[in-house]
Amino acid sequence: MSHEPGAGWVGRPVPLKEDARLVAGRGRFVDDLARPRMLHAAMLRSPHAHARIVAIDTREAAALPGVFAVLTGAEAAARSGPIRPLIPTTAAVPDYCLAVDRARYVGEPVAAVAAVDRATAEDALELIRVEYEALPAVVDPEAAIAPGATLLYPQLGTNVLWHDTLTYGPVDEALARADGVLRERFTIQRYASTPLETFGAIAEYDAGTDVFEFWTNDQRPGLTISVLAASLGVPQARVRLSCPDIGGGFGNKRRPAYLLTCALLARQSGRPVKWIEDRIENLTALMHACNGIMDVELAYRADGTVLALSVRDIADEGKNLITPAQHNLIKLGNIANGYRIPAVRYEAWSVLTNKCPSGANRGIGKPFMCFAIERAMALLARRLGLDPAELRQRNYVTAAQMPYTTPPGAQYDSGDYPATLRLALERFGYAARRNEQAAARNAGRLLGIGIATSVEPAGTNLASYEIVTGRRAASGSAEAAMVRMEPDGHVSVSLGDPPSGQGYETVLAQIVADELGLTPDAITVARGFDSTTTPWLYLSGNYSNKFSVTDVGAVVGAAARVRAKLLRIAAHRLEAAVADLELAGGAVAVRGAPDRRLGFAELARTAYADVLGLPPGEEPGLEARHAHQNSLAQPVDGDRRVRSQLVFSNAAHCCLVEVDPRTGLVKILKYLVVHDCGRELNPLIVEGMVHGATAHGIGAALLEEFRYDAQGQLLTSTFMDYLKPTSVDVPLIEVDRLEHPSPVTPLGAKGVGEGGAIPGPAAVANAVEDALAHLGVVVRSLPITPEQIWRWIR
Amino acid sequence: MTTPSERVTVRCTVNGRPGAHVVEARRSLADFLREDLGLTGTHVGCEHGVCGACTVLVDGRSARSCLLFAAQLDGRAVTTIEGLTPAEGLSPLQESFRVCHAMQCGFCTPGMIVTVTALLAEEPAPSTETIREAISGNLCMCTGYVNIVRAVEQAVAARPAEARA
């Protein structure tokens, strides 16, 4: 790096520090770790979607040579407390780390074994005898709502975890006086981002100090530590947790139950216990995005102006007792998408079924919300004979209207949505593509053009849960960081958010380099997370697209404190005023007198070793911790409006597809993204994330589906039938950008991790429908499989 | 008939180093490399031969180490990502992956590099389409493959002309 220090590292496409180790296979992932005398765990899982557990006999398994511990649900319930939910249900339904008397989805763990190696543990599972009494399974969320439905939890008296109608503005009046109302039902399948590294953990129990220690790729350590401590009945000070490199997360990597199971096995056996999820366990039982049903009503004037939006949304949670209604709440953040819609109604249903627990997955609910709105806009354009781009332009929130607050309370802070679409159309060659499409049609080829645009909210505000629970437990959005100049003058940084591929070691070094007048090479960012050395909060973690909203502020704040202290020490030593000093090239110098300077190593020596040289009253040491709370997060107001998310990026996606009428295959011929995530801290990282998120959108549109049969058996539990996009499915994704900095984040950055996954499914669906519109095809569900297309064409 | 937990002796060469190893008959090659030899650069992503994260070279050809038993290695030579990495610095292909940021979480990366190494040994100057075909058995959940394809193209372009012939 020959770049002059201090001239601004933020904003440059600096190659990633972490990539140098990852290309050499020198990453350190949880399965690469080992502890002395470590055992390996395996879990016995329910083959039934719904069954009473009548009896479990583990004697034979326990007697197998090499087996050190066997744990059943009843034993787990006797030795640990229930898992504390993030969003509690109205009546408490204790949920332990293993199923106790009832299994509620295929793949739910009912017993676990720890043995000398994984193969022996799996041998032991085969020796456990479970007597099940199969119960009827409720698989369809509408059936789960119906009176007389089989109940997952009879004590709740219902499968409905949340049902409420939130109305913002005169929706009924708008529906009544509109020139027309578009009514459609859309559904979305279950899918997941399936990080290539599966979930896993090592747990160790130190009986001498009563400390539980975990190594895991859990992406939300702050919350997980509190859940583990509560269930294990120890103070949080006696739960130590660290995260090494994490091989992708996307929201999926979180299941405290598995960590608890390992902890109980470790305590029982007196040995460290490792459990690494296999892929079938991952696909069957970790975390799916909710499938769902959305009834949309869009009231419009004849000129295409949207007057009101009314949505009835059923989110199928599976057996999700940890974060029910989260998918619903998050949709309040992007329900109006980029449009001025004066009145919005949202009827939310959060429903239990006998399926894998749902949970966070790249975008949580927003991809479905965007799919429904952008499909509705495409259908409205067709109905009115308007170009779909023109219809959007007539409804956008404009740059002059920023900041703009949507009826449910989301505040769009910055951006130019009309300009984003205009640039996308220009880069896509929209007019030329329309001509190409017409020519192809004449030649008998089925080409379609899809446009979808979106807002991309970032950061969360846990106060929004009050809408569901009626009380405030956690709220806001924050993260903590530490910057420390070591005694040798080298700088280290740590952050409470363990990355899972977002390049924090590089981008944080860029940020701190600018604050301290150094090069990124001179800064070491700690890998991952360690609760004993990393500053952290309950809110700490790698989730909700929050890096730009909270993490950057934490690091900037901590670096600024170190900088201020360096200047104070230098001022004292140089007998100069702080105002006359400058930081550059690893030294503090008197402005205009370059020979009056002290290097960082010398200043650090003063701070740590030669402390009599410090200014009077100055605390020895040269480190600062800072936690940043984003000021946009506010409590729910009297009209039940809330900013469930905080800072808004936006994007326009255009794609050109060809449908093969003989095979039903969709080929994406061109895919273009124009996005605006504010100031790009490292464009190399940003562009990669846009590619990856868009590929997730393409997968959801065309390939991926967790498909259950009527008995609740998962039919797609391997990568041979749950299809991920490969290098021949994903086209070259072209990316261009606008840069409207956020006025509400310290460096003007906005969210980027989820972006492409939100409008991606809608863009592809709109393109496929456009190719087949002459056949009267309306895309109402995903994924759009070759079989579906073949049926439409026949 | 060998039982799954019976031990067998395997004589093989790993990253140029010959040796004799006693393993359970059911030990997969991936577990053998990772657990017994400590070569953790080879990753396990699906254990059913689809994701490609565990790809290694067996006698110079790419193979899924999760689908092979260690016992099948008898008399063969295995090369892992560790064997493709120079003692100092990175190989030109690795360097191209780094410069192009052809990864995010990095979990698929060793398997990708092994697969591309096998491709370039067979086809020194592959087309974009050939590159996409060649890595289509290696899943990446992070990058959408865009920068991976770009990195391979750059690595090919950076080779001296005679190496591309």
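The model is predicted: local features need pLDDT of at least 70, side-chain atom pairs count only at pLDDT 80 or more, and totals for chains, interfaces and linings use all residues. Residues are numbered from 1 along each chain as its sequence is written, while chains are lettered from A and ligands numbered from 1 in the order in which they are written.

**Chain A as a whole**

- Chain A has 21 helices and 29 strands; helices (H or I, at least four residues) and strands (E, at least two) are DSSP runs, numbered from the N terminus.
- The C-alpha trace of chain A spans about 85 × 70 × 50 Å along its principal axes.
- Of the 794 residues in chain A, 60% are buried (20 or more other C-beta atoms within 10 Å of a residue's own; exposed means 12 or fewer, partly exposed in between; C-beta atoms are placed from the backbone).
- Two residues are in contact if their C-beta atoms, placed from the backbone, lie within 7 Å. Among contacts in chain A between residues at least 6 apart in sequence, 80% join residues at least 24 apart.

**Where chain A meets chain B**

- On chain A, 41 residues are in contact with 41 residues of chain B.
- Helix H1 (17-22) and helix H19 (683-702) of chain A each supply at least two residues to this side of chain A, and H19(A) gives the most, with 6 residues.
- The side of chain A that touches chain B has 19 nonpolar, 15 polar and 7 charged residues. Here Ala, Val, Leu, Ile, Met, Phe, Trp, Tyr, Cys and Pro count as nonpolar, Asp, Glu, Lys and Arg as charged, and the others, Gly among them, as polar.

**Domains of chain B**

- Chain B is divided into domain 1 (7-83) and domain 2 (92-164), with bounds from an automatic or database domain assignment.
- The C-alpha centres of these two domains of chain B lie 22 Å apart.
- Their contact takes 15 residues from domain 1 of chain B and 13 residues from domain 2 of chain B.

**Helix H4 of chain B**

- H4(B), residues 109-122, reaches 20 Å from its first C-alpha to its last, close to the 20 Å expected (1.5 Å times one less than its number of residues).
- In H4(B), 10 of the 14 residues are buried, including Met112(B) and Leu120(B).
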